[in-house]
Amino acid sequence: MLSRTEQLDLADLAIRLARQMGADYADVRIGRTWTEYLLAREHRLEECNQQSELGLGLRILLKHSWGFAASQRPDRDAVSRCVDRAIDNARAVCPIQARAIVLEEIPVHEAEWIMPLGIDPFSVSADIKAEKLIAINAAALGAGADFCTSSFLFTRDERLFASSRGSRIFQARTRSFPSFEVTAVDRQSGAFASRASLAPARAAGFDYVISCDLVAEAALATEQARQKLRAQSVRPGQYDLVIDPTNLWLTIHETVGHSTELDRVLGWEANFAGTSFVKPEGLNRLRFGSPLMTILADRSQDGGLASVAFDDDGVGCAAAEFPIIENGILRNFQMALGQAGSIGLERSNGCAYAARPTDFPIQRMPNISLKPNPSPCSLNELFAGVDHGLYIVGSGSWSIDQQRDNFQFSGQLFYEIKNGRLGQMLRDVAYQGRTLDFWNAMDGLGDASTYFLGGSFYCGKGEPVQLAPVSHGAVPARFRGATVLNTASQDI
Amino acid sequence: MLLSADEVKAIADRVLVRSGADACTISMRGGEETTLRFARNSATTNASIGSVQVTVDSHIGARTGSVTLTSLDEAALAEAIARSEDIARRLPVNPEYMAPLGPQSYEAAATYEGLRTAADATPLAEAAATVIRLGGERNVDVSGNAMAGCGFAAMATSAGLFAYDRHGKAALTVTARNAADSWSGWAGASDASFPRIDAARIGIRAAEKAHHDVPPVDLEPGRYTVILEPAAVAELMSFMLWAMDARSAEEGRSFLARKGGGTKLGERLFDAKITVSSDPADPVIPGPVFGRDGLPHRRSIWIDHGIVRTLFRSRYWAARTGETPIPPPHGFAIAGGNVSIDEMIKSTKRGLLVTRFWYTNLVDPQTLVVTGLTRDGNFFIENGRIVAPARNLRFNESAVALFGRVAALGSTERVWWEANGGGGICAPPLLAEEFTFSSKSSGI
């Protein structure tokens with residue numbers, strides 16, 4: 001365990017050595033991540049693991065080339081080796097540095113930010129957690145589920161950022177993710193159906209887990225899984241959709257969140273996650289969606305998985321809120337250090353993240369959310385405007401193309417909407433669309449009373465892949481004329 | 001951090017001696033890795049890291065507390081032992097608990113020449129320079145990722161099991177885009193060491209797929225004859241292989257569950273040309289000699305000329321059902337055939353040549369319908385020849401159904417794609433009819 005003084009000493013050493021070796025800029029992340037994971041199946045606890053990972057990652061800029069090296073053993077010897085290796089890496093890539101990396105000036109900060117926390121999940125004994133998971137499963141089995149799997153995942157990051165420009169920033173945050181999945185089996189027909197929990201991951205403590213009341217949801221989910229087995233299979237075709245925020249958050253993530261990442265737009269992620277249909281010249285011009293569509297980026301939303309005071313480039317972002325889409329028009333890209341200048345902008349808007357201190361920080365999403373309708377609009381009012389449609393709840397399968405255009409999403413629960421009213425449950429539903437067509441077809445939006453903060457622990461990007469947690473707030477919304485396919489029959 | 005078997009055993013023995021539990025399992029892994037990325041002909045990020053991870057599982061009664069740390073410090077290990085024991089004491093009894101295994105007999109581990117700690121970025125940068133030069137000669141922009149490293153995995157138990165494996169790994173992937181940014185191509189490879197990867201061959205292949213100036217043909221959704229290159233085949237087979245778990249099948253919740261009870265083990269579900277196996281001694285994709293719980297990896301034939309021959313099963317489920325425990329595969333090989341891609345093209349009246357898939361995801365676990373899109377090298381075939389690039393399409397296709405109607409297979413080769421177990425994959429190109437493309441994509 002490193003004390004803060006020891007961390008600062010190592011950071012100072014790393015930066016001093018790097019500068020002595022010729023680095024024009026250096027930054028370092030030192031920290032520890034704690035993780036706890038519990039998994040229960042039916043009446044038993046299958047796994048309970050606590051993990052602690054210490055790390056140091058040094059990034060240097062040498063004549064317009066990055067060099068990065070990391071160690072899980074932050075001591076003076078490791079720092080010295082990391083400096084040597086980072087410098088070597090930068091020298092190795094110099095011959096292929098056709099495009100210089102140029103860093104903009106950003107304010108220097110000496111600061112500390114500790115996420116406000118209710119009940120620290122790491123202070124809650126493993127037996128209490130195990131008991132809660134088994135109770136969730138018992139509720140499902142008692143309600144008639146054949147199988148139930150439940151889990152808790154908790155993480156805590158404590159991290160120092162230090163840069164050669166003088167920033168010294170300590171931050172700490174905690175995240176919690178409770179979940180379950182119930183399965184009902186019909187042995188006669190050979191069919192089985194599952195229903196996963198709707199509670200999202202949050203930047204929050206154990207009090208959030210308690211508030212989710214997964215015991216009650218597990219019983220309800222079981223009833224719904226059984227209904228799915230008997231539900232009618234959807235007829236493929238064109239439908240108006242009312243999408244619940246428990247599903248829509250993921251659509252926002254994939255179609256808006258990823259398509260407006262500047263490194264992707266510039267082609268820097270082409271080899272893995274792809275590029276974007278959005279181009280720099282689309283800024284303030286591209287009609288991304290209907291005038292109802294405003295998408296805001298923030299770092300301050302309570303419970304937001306990406307809420308933090310400073311990003312992993314040391315850019316202050318606690319108070320930063322910017323529109324990505326405003327009344328349907330593209331207004332901003334998400335940027336990390338060294339990117340803004342490529343499109344004639346002044347500086348980063350605080351969107352850098354390294355999954356661990358030992359990872360190279362890359363551009364990642366802040367919280368990205370759909371702004372509610374300023375006028376009153378309930379879920380029932382959205383249904384009322386649909387003659388032939390579907391209501392989709394919860395996240396299921398997801399897929400989108402490498403430029404964020406063609407997508408396909410499934411869900412957990414699907415209901416017919418007929419003549420303005422919610423009808424029978426359906427199954428085997430997925431909706432396909434093209435991003436701009438989809439968002440321009442949005443003609444109904446729930447108000448603030450319908451707001452839900454969804455999110456994921458597992459957004460993947462980069463090579464090697466880094467996972468970033470991110471939250472997306474959403475309200476229910478209505479979309480006209482979407483293509484729905486039947487996933488069981490592959491009918492087009 | 002690349003530790004030798006002796007170094008690992010010394011650490012494990014110290015931990016086991018200190019353990020106060022009824023039984024104890026130590027798992028360790030680690031390695032060194034350097035990656036280097038480039039995009040649009042210029043270096044972007046790189047990283048070098050050494051890592052090590054130790055997991056202490058303390059078993060008290062039929063309860064297991066587990067602590068993982070990234071330190072070999074004695075005090076940290078002692079604390080991990082104590083904490084894992086404390087966790088175990090607090091947990092409820094696990095009725096499916098299985099005591100750690102004793103000594104096992106393992107196949108001979110593969111040997112890797114020239115495993116180097118602290119992989120150097122210079123050869124990776126030189127490979128990138130080669131690819132960039134070749135791309136420039138063909139008027140395409142290139143992006144890519146080069147990786148080289150080595151690693152080890154080990155397990156020791158208080159019952160006397162000790163298993164150790166080490167491996168080398170390397171990969172190069174290249175995505176090329178034409179000057180108008182209107183078409184793209186991809187190629188990639190993985191191997192045990194970076195010198196074995198032919199960067200020029202990969203760079204040329206990606207560039208030549210991308211080097212098309214005619215607009216891609218817009219095809220309507222529908223069912224098409226497809227020639228899937230090995231990377232695409234490997235990706236679809238992965239979905240199927242990792243669903244071949246005995247317990248899920250016997251519990252009635254997998255594609256292998258039979259109506260009325262029982263499983264489809266022993267049934268011919270696939271075309272007779274399909275044989276899928278795993279072998280830790282495979283010379284092309286050598287794998288670790290041990291798997292979950294320290295169980296030996298042995299040569300396993302999962303699908304034998306279309307027949308579901310073997311399912312993997314946990315030790316608990318094997319004991320309960322009176323079967324042999326089999327760990328999930330680390331990697332796999334699909335046996336090939338003798339029809340070349342050129343011959344497949346010549347035999348195709350109307351269809352698509354698919355380089356690879358993107359963003360595949362399982363849609364229906366009952367039928368193994370998978371969705372995804374084509375990417376980086378889709379070509380329209382008419383009357384036996386490639387006539388033009390074809391705009392990318394989304395597919396929704398059952399992996400089970402696809403491998404049930406294979407028209408031809410080509411020679412199998414090691415692909416870049418990594419198996420769910422982290423191991424290598426060998427796959428052939430595949431010709432099949434009636435592949436379902438459900439919508440168009442503008443994504444290039």
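Modeller: A residue is buried under 20% relative accessible area, exposed over 50%, and partly exposed in between (1.4 Å probe, protein chains only). This is a predicted model, in which local features need pLDDT of at least 70 and side-chain atom pairs pLDDT 80 or more, while totals for chains, interfaces and linings use all residues. Residues are numbered from 1 along each chain as written, chains are lettered from A and ligands numbered from 1 in written order, and side-chain values use heavy atoms, without hydrogens or water.

Biologist: Why does Tyr458(A) count as partly exposed?

Modeller: Because its relative accessibility is 46%. Tyr458(A) sits in strand β21, residues 452-461 of chain A; strands are DSSP runs of E, at least two residues, numbered from the N terminus.

Biologist: How many cavities of 30 Å³ or more does the whole structure have?

Modeller: A cavity is a set of points on a 1 Å grid over the protein atoms where a 1.4 Å probe fits but cannot get out; lining residues have an atom within 4 Å of a point. Volume is the space filled by probe spheres on the points, joined across faces, edges and corners. The search finds 4.

Biologist: What lines the largest cavity?

Modeller: This cavity of about 150 Å³ has 15 lining residues, with Arg159(A), Gln171(A), Arg173(A), Val308(A) and Asp312(A) nearest its centre. At least two lining residues each come from β5 (147-163), β6 (168-186) and β13 (352-353) of chain A.

Biologist: Which residues lie closest to the centre of the second largest cavity?

Modeller: That cavity, of about 80 Å³, has 13 lining residues, and Arg364(A), Met365(A), Ala468(A), Pro469(A) and Val470(A) are closest to the centre. β22(A) gives the most to this lining, 3 residues.

Note on methods
Helix = DSSP H or I, 4+ residues; strand = E, 2+ residues; numbered from the N terminus. 1 Å grid on protein atoms, 1.4 Å probe; cavity = no way out; pocket = protein on both sides within 12 Å on 5 of 7 lines; lining within 4 Å.
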